[in-house]
Amino acid sequence: MTSEVKQSVRELRRLKTRERILDAAIAEFTQSGMTGADVHAIVAAAGVAHGTFFFHFPSKEHVLLEIEGREEAWLAAEFATFLEGRHGLETVLAEAVRLVTGLEQRLGSKLFTELLALHFSPTRPTKDEWTDHPVIVLLVREIERARGDGDVHPEVDAFYSGVFFLLGIYGVLTTTDAGDTRDTMLAKLVATALRGLEVR
């Protein structure tokens with residue numbers, strides 16, 4: 001076996017181990033939340049040594065960062081595919097609500113809330129710019145496009161409008177149980193955002 005083949009086999013094994021740890025951590029976080037998650041339970045479920053967890057992830061927060069990055073990439077890809085067709089701003093905002101709500105349903109409310117808490121935490125292990133978040137970039141671009149088309153007031157700040165809208169979705173999802181009340185609040189969030197953006 002050449003050294004390159006050995007290296008690629010070793011790298012493949014490392015990636016598979018990392019995935020097992022990540023899958024076990026997601027299951028543990030979904031059940032117990034990040035703060036309540038037990039690293040011993042994670043490594044037992046993944047079938048690895050305790051130190052192997054910390055070789056791949058320096059802390060539980062780093063596991064959440066990995067999950068956040070993957071989920072945000074998935075969300076952005078879905079949103080980008082939707083935006084390939086031309087849509088009015090109301091439809092774009094409604095799709096953002098649908099995608100974020102779907103993410104919460106897929107992850108479960110506990111893990112979803114943990115991701116948001118880490119995202120906005122002042123002690124977040126890594127700091128990044130808004131342009132590092134493709135969902136924000138896509139939404140801002142759509143608001144700017146609508147402003148260019150004359151559908152949005154020329155003085156609207158697309159960045160703040162997009163961020164405030166996403167914060168509104170997160171707020172509703174983390175403070176309101178699923179049901180008619182939540183659906184009404186999300187619908188009113190879209191309607192209110194549109195009123196604030198549109199040319200009067």
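The accessible surface of the protein chain comes to about 11,100 Å² (Shrake-Rupley method, 1.4 Å probe), and carbon and sulfur atoms hold 55% of that surface. This is a predicted model, in which local features need pLDDT of at least 70 and side-chain atom pairs count only at pLDDT 80 or more, while totals for chains, interfaces and linings use all residues. Residues are numbered from 1 along each chain as its sequence is written, and side-chain values use heavy atoms, with hydrogens and water left out.

**Overall build**

- The protein chain has nine helices and zero strands, where helices are DSSP runs of H or I with at least four residues, strands are E runs of at least two, and numbering starts from the N terminus.
- Along its principal axes, the C-alpha trace of the protein chain spans about 65 × 40 × 30 Å.
- Among contacts in the protein chain with a separation of 6 or more, 66% join residues 24 or more positions apart, a contact being heavy atoms within 4.5 Å.
- The mean positions of the 22 positive and 30 negative charges lie 6 Å apart, with Lys and Arg counted as positive, Asp and Glu as negative, and His and the chain ends not counted; each charge is placed at NZ of Lys, CZ of Arg, CG of Asp or CD of Glu.

**Burial and the core**

- Of the 200 residues of the protein chain, 41% count as buried, meaning under 20% relative accessible area, whereas exposed means over 50% and partly exposed lies in between (1.4 Å probe, protein chains only).
- The largest nonpolar core has 60 residues, and those with the most contacts inside it are Phe-29, Phe-79, Phe-165 and Ile-169; such a core is a set of buried Ala, Val, Leu, Ile, Met, Phe, Trp, Tyr and Cys residues joined through side-chain atoms within 4.5 Å.
- Among the elements that give two or more residues to this core are helix H1 (3-36), helix H4 (60-83) and helix H8 (158-175).
- Leaving aside neighbours within four places in sequence, Phe-79 is in contact with Val-92, Glu-95, Ala-96, Leu-99, Val-135, Leu-138 and Leu-139.

- The buried residues of H2 are Val-39, Ile-42, Val-43 and Ala-46.
- Seen down the axis of H2, these buried residues fall within an arc of 90°, so they line one face of the helix; the arc is taken from the directions from the helix axis to the C-beta atoms.
- On the other side of H2, His-40, Ala-44 and Ala-45 are exposed.

**A buried histidine in a loop**

- His-133 is found in the loop between H6 and H7, and at 5% relative accessibility His-133 counts as buried.
- Not counting residues up to four places away in sequence, His-133 touches Glu-72, His-119, Arg-124 and Asp-128.
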